[in-house]
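Let's take a walk through this model, stopping at a few places worth a look. Keep the structure open as you read.

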Amino acid sequence: MPEQHLMSVELAGGLSHYDALSLRLGDVVGALGMTGAMMHAGGPGIGHLYLAASSGLGKSLAEQWKEIGWEEQVPPALAARDNTYVWMPGAGAPGLMGGRPARAAAGTGMAAVPVPAPEGPLGVLSVFTAAPGGLDAEERSLLAATAERISEGLPWARAAPRTSTTVPGKTSGIGTWEWDFASGTVEWDRLALTVLGVDADTLGSTVESWMDIVHPDDLTQVIATSEQAIRTRRAFGLEYRVRRPDGSLRWVEARGHVLPDDSDRPCRVIGTLRDITDDRLAEHLVGRALQHMSDGLLTVGTNWRIAFANTAAEHLLGPSGELIGQVPWKALSGIDPRRLEAACRRAVLEDRPTGLDARLAARQRWHHLRLVPIPDGLIIYLTDVHDARQREAEQSAAEHAAAERSARIGELTGALAVAVTTTDVVDAVADHVLPLFGAVGLNVFTQEAERLVIAGAVGYPQTFLDRVNGLPVQASTPVSQSLLSRSPIFVPSQEEFLRRYPELADFPAEGEKQAWAFLPLIASGQPIGACVVSFDRPQAFTSEERTLFTAVSGLFAQALARARLYDTEHTRAQTLQRGLLPRALPDLPAMTAAARYLPATAGLEIGGDWYDVIPLSGERVALVIGDVMGHGLSEAATMGRLRTAVHTLADLDLPPGEVLSHLNDTVSSLGDEFYATCLYAVYDPTSAVCTVANAGHPAPAVVLPDGAVRFLDVPINAPLGAGVPPFDAGTLELPDDSLLVLYTDGLVESSALDIDQGRARLAQQLAHALPLPPRHPGGKVFRTSGPSGPGGTGWLERLCDVLVHNLLPAQQQTIDDTALLIAAPHPLAPGDIASWPLPHEPEAAGQARGHVRDQLAAWGLEGLTDTTELLVSELVGNVVRHAEGPTALRMLRSRTLVCEVSDGSSSTPRIRRAAETDEGGRGLQLVATLAQRWGARYTATGKCIWTEQPLPERHEDTR
């Protein structure tokens, strides 16, 4: 079957609907090999089917099928009623065709399919065939497809009929009519008959007489619209032509309104009729004007097919015969089909005109397509804008350049507005000014005393920068001249530079530049420096460019002045912060530590976070970290006071809880608006026990030797300034190879991260960041004097860097300071600890001297025996004389030799000045003279008096 031919036929431009339908029916006859075809329109509302077009039937046969009653038992009526395909043989069944001729030749049968529409079939397509079994499946499919195409080809077939909001009444020049369904009669008043050009006797009162005067080309529309109105019970309106008895044609507009009976069933239609021939004539004149307008014009139906193309469109796109029936996005080559289709559908969907520019492939010229939706489809106007676009492009070149420069100036202004430091300002100028002028070099000088110092440079060799850095302000250079005169200097070429500054003849070659703009930087009327923008080729420097350079230099100067003030304040703040924090952590045998302080990136970058590592007696170590609430100079000053107080309290060897109690009094005395968190921990290397007191501070993390990470579960007291003594403390054991990590909340908490999530991230980083340091084959951690060696502070420093980098990205803007302190404890070896109980009797001093002699001999420290015996003898004698038992002696060998005598008394020994006649009171004076350091501290059972003596250098080195 010639399927391609059958499915590609469209309603040809310029043909009437009647002719187009007849042409299509002829194609059906030829494609399917039928003997004839016909199309009826109508429905149950009208009660009849009327012949709209036919092909291959002959006049007499077509006359007998001109009208079909809705209830007749013939294929067209059956197909319309049941909305399905119907086949009926003609031979041997004389009664099946209702007495109508069913064939043009013996054995001819009839097949019929409905012509579909959204609200029910608008008609029936029928064919006569000599095939004894009717149509096969493929033929039936093609027949149904043809019926669908017929429906799509009628632009009004799928549109709802126009409605009227009122029942028409009699007015001058408008006739009325009434159609009664029960009797099948149509009554016309005098004015309506005048419009039709007939009298009542000539026209008659039947529906068939009405259909007879309707032009064949409009018959299908009249029937379908009437049927849809009856079926949907809506008001309707349509325009069609009538044939008057004198042979003339007139256009009429009919409007109708369907009325129901008592059972709510349609029973009649009342309506109006008026002559619109003059209106149509005006439309025809408009159509002729559109046909010959200079712009191209296409009309597109509701089926998205081109229905009309004027002369200009044909000249642009090709003959109308090739355009009609195509979709516009295929007919207009050179335009992206998807883009044009989307624009067309959007215009119709939104019921709003739209437009686009495109270069049509036919002539490679730019055209503007104006898409205007109309009730029955879409109009496309094609206007040649090629020459106009070229003129606009030429005229707007300068405007575009100016606009681009304006945009770049806006970008520069925005970048300078957020630039904080001098480096930020120089970078902003380099990023935005150099591309603006096509320059390749930038050199920024600031005036420092009587010299010009380079604040930043781009695109110059370092040797050249070293030569010009620090030149006197009064030097005979273009930079100095521009600054002293406060006027820009433009040098367009090397030749001009050599002519003006012969003494600087080697500058152009050394700087590798060929043109320069020397711009003074004046802020608030004061010269602050100069800027040099340079080029690698000669420049003309137009008046517009010179004006722009002057404007840019003003913006630059203001931003640079502001940045210099910030740099000054920032330097002062950093100096203050460094002065308040430890310059370096002490190198202690019992503890290796590393720390970091990161100020907030907002404000002066100074705050109240602090940390410290403080050596205590007995080789114990105090670890401190704190955070004064707030951010700024006041908080930093408070932090300095607290750090000083901690050192003072640590020297008194007070327990952690008492230290926090005294600090709480200090903070409370500052006022109600001051608060601080603090964690104070004391590590004892003789027992590997750490005692921790916490005042509202985040719990520290412990990394155990197996790599597990946990957070200390010790009592948390209220912050300093809000707490009430006593402050509880907790203890934990810190084995060798473990880590204690102290931090402030800035490390684990932010506006986007709560503290629990932050602690989880910290634990993850600690578990995977770095391995533990290397060990001796025996398992002991290496100790080296170098800070970067294994077991020194180097690996802890790297761990600090990893944590800071991963938990605080460099570009993250923070509003809180961060302090981090990581400590690796080192318990004293059992061989470096010796202790003995002593009787609380006078002979205890002698026993103590004996223990000292033996232990020092075992340690190879015989050279310290005499001094140590004397110190211990005085301490034990003082305890026996003035204190209570039990008494004990302990010696520690570490960085110093430590001797400790403990007793059960809480009284503190004090040095007093003995008179010449006093027999005692000189023991502690002797201890203070012989020992490097001495002191006393309270213990859980009393007190302990201790001394420290330096070890011989040779012994210290061998350890």
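Residues are numbered from 1 along each chain as its sequence is written, and side-chain values use heavy atoms, with hydrogens and water left out.

Where pLDDT is low, the predicted coordinates should not be read in detail.

Now for the inside. A nonpolar core here is a set of buried Ala, Val, Leu, Ile, Met, Phe, Trp, Tyr and Cys residues joined through side-chain atoms within 4.5 Å; buried means under 20% relative accessible area, exposed over 50%, and partly exposed in between, using a 1.4 Å probe and protein chains only. The largest core has 59 residues, of which Trp 610, Leu 623, Leu 663 and Tyr 680 touch the most other members. Leaving out residues up to four places away in sequence, Leu 623 touches a list that includes Met 591, Val 613, Tyr 680, Leu 742 and Leu 821. Another core, of 36 residues, lies apart from it, and Ile 409 and Leu 560 are among its members.

Leu 623 belongs to strand E25 (residues 621-628), where eight of eight residues are buried. Helices (H or I, at least four residues) and strands (E, at least two) are DSSP runs, numbered from the N terminus. Val 621, Leu 623, Ile 625 and Asp 627 point one way from E25, and Ala 622, Val 624, Gly 626 and Val 628 the other way. Two strands pair if DSSP finds at least two bridges between them. Strand E24 (residues 609-615) runs antiparallel to E25 and is joined to it by seven bridges, with Trp 610 partnering Gly 626. Eight bridges tie E25 to strand E26 (residues 676-684), again antiparallel, and here Val 621 partners Tyr 683.

Next, an open sheet: six strands in the order E19-E18-E17-E22-E21-E20, with antiparallel pairing. Strand E19 (471-472) and strand E20 (489-491) are at the edges with a single partner strand each, so one side of each is left without a neighbour in the sheet.

Helix H4 (residues 75-82) has six of its eight residues buried, so it is largely enclosed by the rest of the structure. Those buried residues pack against several strands, including E1 (36-43) and E6 (123-129). Just after H4, Asn 83 takes a positive phi of about 55°.

Most residues other than glycine have a negative phi, and most peptide bonds are trans. Asp 653 has a positive phi of about 55°, sits in the loop between helix H22 (633-651) and helix H23 (656-668), and is buried at 8% relative accessibility. Ala 688 has a positive phi of about 60° and is buried at 7%. A cis peptide bond joins Pro 725 and Pro 726, with omega about 0°.

Key
This is a predicted model: local features need pLDDT of at least 70, side-chain atom pairs count only at pLDDT 80 or more; totals for chains, interfaces and linings use all residues. Contact means heavy atoms within 4.5 Å.
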